[in-house]
Amino acid sequence: MGNGTSIGRVRGLGSSHHGAQHWLSHRFTAITNLVLMSWLIVSFAVMGDYSYSSVSAWLSHPVSALAMILLVISLFWHAKMGLTVLIEDYVHEAGTKFGVLMALNIAAIGGGAFAVFSIIMLVFGGQA
């Protein structure tokens, strides 16, 4: 006795109604990653010469630069979403979870911004 009904034991532990949107976003980025990585692999296979000048000349084309920026954004977004779920599932202390999630956000935003900045610098002829 004293445990109440089955619904009383799980009250407040139900769906937060955000799982479907997160799941769809994760699948969308996975498909985007598949398409853009296929494009990158084919582009590198056709390129032939992988010297700095050849790759920077290839990347200076607007279509190549835009596709690379989209790939970087999609990869970092997908990784951040996947690691967020992992952290939320396996880190149980609230303070530690907050700290690790903040470190993940800083790493994802910082890494993505650095990669996009490097691509932009190569496109406009700067030294990245």
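Predicted model: local features only at pLDDT ≥ 70, side-chain atom pairs only at ≥ 80, totals over all residues.
User: Noted. And what percentage of the residues count as buried?

Analyst: Of the 128 residues, 25% count as buried.

User: Which elements does the protein have, and in what order do they run?

Analyst: The protein has five helices and zero strands. Starting at the N terminus, the order is α-α-α-α-α.

User: What about contacts between residues at least 24 apart?

Analyst: If you take the contacts between residues at least 6 apart in sequence, 66% of them join residues at least 24 apart.

User: Let's turn to packing. How do α4 and α5 pack?

Analyst: Helix α4 covers residues 62-90 and helix α5 covers residues 94-123. They pack at an angle of about 170 degrees, and their axes are 10 Å apart. Angles over 145 degrees count as roughly antiparallel, so α4 is roughly antiparallel to α5.

User: Nice. What classes of residue make up that contact of α4 with α5?

Analyst: There are 18 nonpolar residues in the contact of α4 with α5, along with four polar and three charged.

User: And how are α3 and α5 arranged?

Analyst: Helix α3, residues 52-59, packs with α5 at an angle of about 95 degrees, with the axes 8 Å apart. Those two helices are therefore roughly perpendicular to each other.

User: Which residues make the contact there?

Analyst: On α3 you'll find Y52, S56 and L59, and on α5 the residues are I119, L122 and V123. By class, the contact of α3 with α5 has five nonpolar residues, one polar and no charged ones.

User: Switching to α2: how far does that helix reach from its first C-alpha to its last?

Analyst: Helix α2 spans residues 19-47, which is 29 residues, and reaches 41 Å. That is close to the 42 Å expected at 1.5 Å a residue.

User: Which residues of α2 are buried?

Analyst: The buried ones in α2 are S25, H26, T29, N33, L36, L40 and S43.

User: What do the buried residues of α2 pack against?

Analyst: They pack against α3 and α4.

Notes
Residues numbered from 1 in each chain as written. Heavy atoms only, no water. Helix = DSSP H or I, 4+ residues; strand = E, 2+ residues; numbered from the N terminus. Buried < 20%, exposed > 50% of the residue type's maximum accessible area, 1.4 Å probe, protein only. Contact = heavy atoms within 4.5 Å. Axes fitted to C-alpha atoms, helices over the stretch in contact; angles between N-to-C directions. Parallel < 35°, antiparallel > 145°, perpendicular 65-115°, else oblique. Nonpolar A, V, L, I, M, F, W, Y, C, P; charged D, E, K, R; others polar. Expected span 1.5 Å × (residues − 1).
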